[in-house]
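Subject: Structure handover

Hello,

Here is the structure you asked for, followed by notes on what turned up in it. Please read the notes with the coordinates open.

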Amino acid sequence: MDMVLSVENAEKYYGREPNLKKALDRVDFEVSAGEFVSIMGPSGSGKTTLLNCISTIDTIDAGHIYLGSQDLASLPQQKSARFRQENLGFIFQDFNLLDTLSIEENIALPLAIKDIPAKEIKSTVRSLMQRLGIEDIAAKFPAQVSGGQKQRCACARAFVNKPRLVLADEPTGALDSVSARQLLALLTELNGQEKATVLMVTHDPLSASYGNRVLFLKDGQINKELRRVRQSRVDFYHAILSEVSAFGGAGLC
Amino acid sequence: MLKKLSKRNAKRQAMDYIIYIITLVITVVLMLSFNMVVFSEEISAIIKEPSILPFLIVVVSIMVVFIMGALVNHITVFILKRRSREFGLYMLLGIENEDIAGIFLRENRSIHGFILAAGLFLGTWFFQAVKAVICGMYAVPFSFSFEVSAGAVILTLFYMGAILGISSVRVKRAVRKLNVRELIYFDKAASGDGSGEAKDSTPMALLSVLLGIVGIAVMVLSAVRNLPDIVNVLAVTFLVVSVYGFFVLLFRRLLSCLKSDEWKYRGSRLFLYRQLTAKMRSMLPLMAGASMLVMVALLAVGQAICFMDKVDSRVEAVAFDIAFFKDEENADFSPYLSYLDENHELESSYGYSLYTSHDDTFYQQTKNMVQGKMGFYISGNDEDIFMCISDYNRLRDMLDLPQVQIDSGSYVLHCTEPGIAPLADYIGQSPFLIIEDAQYRFDGIYSEDFMQQESKGNGNGVLVIVPDRALSGLDFHTCVMAVDTQSELPLSEIREMETIGSGISIISKTGVRNRSASMAVYTVFPLLYLAFVLSAVACTILSVQILSEAKNEVNSYQILDYLGVGQEQQKKMMKKQVALLYFLPVLPVAFIDILVFPMMTGRIVRDAGGMVQIISVAAGMKQIGIAVGLFFVFFILYYIGTIMLYARITIKKR
Ligand SMILES: Nc1ncnc2c1ncn2[C@@H]1O[C@H](COP(=O)(O)OP(=O)(O)OP(=O)(O)O)[C@@H](O)[C@H]1O
Ligand SMILES: [Mg+2]
């Protein structure tokens with residue numbers, strides 16, 4: 001299968017001597033097209049840093065990150081914005097939506113930025129909203145809808161321009177368990193239907209169990225990987241749980 | 001501990017409200033330098049005559065105290081709101097309200113101290129510029145000499161004390177009443193422009209725009225016929241009010257634009273205009289208020305420049321460098337001529353007599369056109385004045401004007417420009433002049449500068465020139481000696497000549513410049529003072545509001561980052577957004593001003609055929625140019641400051 005993402009010996013440092021902090025330490029993994037990969041790890045282990053480096057918002061200090069055939073290190077700063085527009089989708093725990101835009105406009109924004117004709121935007125956004133069951137709140141503003149609805153909107157926005165890779169940083173972090181499950185189901189569904197690869201950071205084993213692979217990050221290093229092979233989601237969940245407790249579960253939340 | 005905290009906060013706060021602080025410094029600078037105009041001995045040596053300037057500056061200063069007091073109050077409450085979380089936290093930690101008020105006031109006090117020190121320092125320098133302008137108007141050489149008057153400083157401190165002190169009292173009271181819950185939720189505000197639930201203010205807006213149209217109509221009407229001042233003031237008030245309507249309607253229009261997918265889904269437009277409407281919702285009254293202030297300010301500057309312009313043109317209208325008048329046939333002007341000869345090389349002189357018919361037909365035609373409209377028109381003479389053609393041509397020769405030929409049966413008129421149309425109108429009806437049974441036919445009208453606007457001169461706005469033989473039918477009026485000198489005389493020499501003899505009136509360019517410069521200074525300075533304070537207040541309100549919201553927008557720009565909008569493009573969007581917020585208030589003002597200025601500065605006259613025409617609009621245009629230019633510079637500076645701080649908050653802080 002073709003590779004969407006490959007991270008090769010990525011290293012990232014913050015600060016300088018004597019306060020040098022190694023946030024990523026020889027991180028090495030690959031994600032192939034259509035996968036749904038979760039990254040787990042305790043707070044401060046470098047999850048967000050890793051995601052930011054992949055998303056071209058930040059840069060690594062050593063090693064390589066390839067998105068498709070593009071080496072991110074050789075991507076000039078001015079082109080990175082355009083690259084994000086065309087290849088990536090994002091979902092975060094908070095600050096996902098623009099407060100001044102309606103739900104529908106929030107979803108349409110990535111397309112408008114790409115200068116796609118208004119008619120096409122309208123129909124794409126409409127059909128996506130119907131599929132996600134949020135067409136009735138289309139005209140509302142983020143402050144007027146629930147957290148779950150907001151995240152579904154964020155999800156729609158991440159997939160609307162058919163990105164190669166969707167990056168999600170604790171998308172369920174601020175949600176109650178019901179809304180969280182709904183969102184994860186949605187993510188899985190979109191992952192299947194839209195053929196978009198998903199890389200999700202989480203510290204919740206249940207969330208991680210929706211994916212087909214889990215990477216465990218600690219002190220900037222990947223020290224374990226779990227794959228879901230002919231396993232039910234519940235079994236996978238238990239496998240993750242036991243791994244987490246072996247890992248030193250307390251550190252996770 | 002609390003003191004340290006307070007000090008650090010004051011420093012941090014200072015960066016956030018730097019624009020507000022600069023505005024206060026500018027206020028102190030203006031206050032001090034204008035008060036120094038009143039107190040300065042140098043200036044009073046230039047102006048000489050006792051004047052109402054001190055009184056006017058005090059009046060404007062009191063207005064400024066109220067305006068600035070309102071601003072300081074607005075901003076202080078604003079800062080209090082912005083820092084409510086911090087204060088709420090202090091309260092949770094068990095610090096008494098009194099102490100929190102103390103912290104806040106201590107911070108303010110150190111900022112105020114800085115403002116006063118900086119303002120007083122810069123003010124003494126700015127005063128030199130003010131002095132240079134005054135010297136320029138009086139045509140007195142400017143010399144840089146440093147002076148600080150205790151009176152001006154004390155008065156300035158008194159005014160600033162009033163501005164800052166009142167707000168301190170109010171803050172103290174406000175903080176005392178606060179409770180923790182209120183503070184912690186103070187800054188919670190919903191976003192989005194909530195276009196749905198807004199109450200419909202369109203009828204009000206339409207009404208106020210209608211008022212604006214009425215205002216413009218009145219201004220036009222008042223240019224054609226003389227309306228009482230109160231009507232004009234009312235018209236300006238209507239115009240000012242109509243600005244509010246403009247903003248409400250514009251806001252509605254933007255919202256309805258945002259309903260169209262075709263319109264909004266185009267590049268960064270969606271983000272830009274949603275940001276704009278969201279801000280306009282909370283800023284609408286502020287923008288309208290700022291706009292009104294700018295409007296008043298621009299009108300004030302326009303008037304001020306109009307006055308300043310008149311100084312030169314009035315001096316030009318004197319035409320002769322100096323002229324002596326005596327109501328006595330064959331008067332002897334030789335002492336004056338020899339005085340001039342001793343001091344300056346006397347260039348040329350010509351003595352002549354003016355005559356009168358004891359009638360006032362011509363004078364009555366022009367009277368109404370010249371009076372009012374700030375024409376500097378003062379004269380006691382209300383009879384028609386006559387001159388013979390040979391004297392007339394000699395005088396024209398002195399002024400390098402072409403000669404005029406008339407035959408023995410005709411006459412010509414010489415009048416000031418506004419008089420042309422009504423005189424032409426009158427002559428169309430009765431073209432013949434009768435002097436002692438002889439009939440004279442009208443043969444032309446001239447309007448070059450010819451000393452016709454002062455208390456003495458070649459007629460009061462109009463002069464009748466007749467063939468020499470016609471003089472026998474007229475009575476003697478005044479003896480005149482017109483003189484051209486090598487250079488413009490200093491005022492001191494004019495004063496000296498006045499002491500030579502009695503019964504003589506002297507009209508000179510120098511004297512006229514002095515008198516009209518004084519009048520201009522009385523109007524120009526208070527108006528400029530007011531104008532700058534008003535526009536500084538408008539800019540500050542806008543800036544502080546825009547910048548305070550910038551902090552909440554860090555997230556928005558971060559999201560744009562992720563969505564693939566580059567930093568360069570984000571900066572462009574920011575500039576556009578702030579420019580829109582900043583210059584929208586100027587838009588209706590510019591529009592109204594372009595309509596109103598020619599009306600105020602130009603003159604509409606009716607020519608002989610009954611056609612209405614506007615004259616001296618060009619001068620009006622020049623005034624708009626200068627006034628708008630001045631404001632443009634002022635606004636641009638504030639805009640640049642705002643955009644820099646805005647970018648610093650939203651982009652660089654990440
Ligand atoms: N901008 C920065 N400057 C300096 N150090 C940083 C910066 N961002 C992150 N770090 C450090 O790098 C390490 C990894 O941070 P990161 O945010 O990636 O952790 P995380 O796994 O996302 O944690 P959490 O689960 O709490 O979100 C942490 O020790 C953090 O202190
Ligand atoms: Mg994180």
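In which sense do strand 1 of chain A and strand 4 of chain A pair, and over how many bridges? The two strands pair in the antiparallel sense, over five bridges. Please keep in mind throughout that this is a predicted model.

The sheet in chain A

One of the residue pairs here is Lys12(A) with Leu24(A), its bridge partner in strand 2 of chain A.

Salt bridges

Over all chains, the search of the whole structure finds 19 salt bridges. Among them is the one in which the side chains of Lys12(A) and Asp58(A) meet, at 3.0 Å from N to O. Lys12(A) is in strand 1 (residues 3-14) of chain A and Asp58(A) in the loop between helix 1 (47-54) and strand 4 of chain A, so this pair ties together parts that are 46 residues apart in sequence.

Helix 6 of chain B

Helix 6 of chain B has 42 residues, which at 1.5 Å a residue should span 62 Å; the C-alpha atoms at its ends are 58 Å apart, which agrees. The helix bends by about 30° at Thr124(B). Just after helix 6, Ala139(B) takes a positive phi of about 55°.

Cavities

How many cavities of 30 Å³ or more are there? The count comes to four.

The largest cavity holds about 100 Å³ of space. Twelve residues line this cavity, and those nearest its centre are Tyr20(B), Ile79(B), Asn108(B), Ile111(B) and His112(B). At least two lining residues come from each of helix 1 (2-16), helix 2 (18-39), helix 4 (53-82) and helix 6 (97-138) of chain B. By class, the lining of the largest cavity has seven nonpolar and five polar residues, with no charged ones.

The second largest cavity has a volume of about 80 Å³. From chain A its lining includes Arg84(A), Gln85(A), Leu88(A), Gly89(A), Phe90(A), Pro110(A), Arg157(A), Ala158(A) and Asn161(A), and from chain B Tyr562(B) and Leu563(B). Helix 2 (77-87), strand 6 (88-92) and helix 5 (147-160) of chain A each supply at least two residues of this lining. Strand 6 of chain A gives the largest share, three residues. The lining of the second largest cavity divides into six nonpolar, three polar and two charged residues.

Regards

Technical notes: Residues numbered from 1 in each chain as written. Chains lettered and ligands numbered in written order. Predicted model: local features only at pLDDT ≥ 70, side-chain atom pairs only at ≥ 80, totals over all residues. Heavy atoms only, no water. 1 Å grid on protein atoms, 1.4 Å probe; cavity = no way out; pocket = protein on both sides within 12 Å on 5 of 7 lines; lining within 4 Å. Points joined across faces, edges and corners; volume = space filled by probe spheres on them. Helix = DSSP H or I, 4+ residues; strand = E, 2+ residues; numbered from the N terminus. Nonpolar A, V, L, I, M, F, W, Y, C, P; charged D, E, K, R; others polar. Expected span 1.5 Å × (residues − 1). Bend = angle between axes of the 7 residues up to and from the residue. Salt bridge = Lys/Arg side-chain N within 4 Å of Asp/Glu carboxyl O. Pairing = 2+ DSSP bridges.
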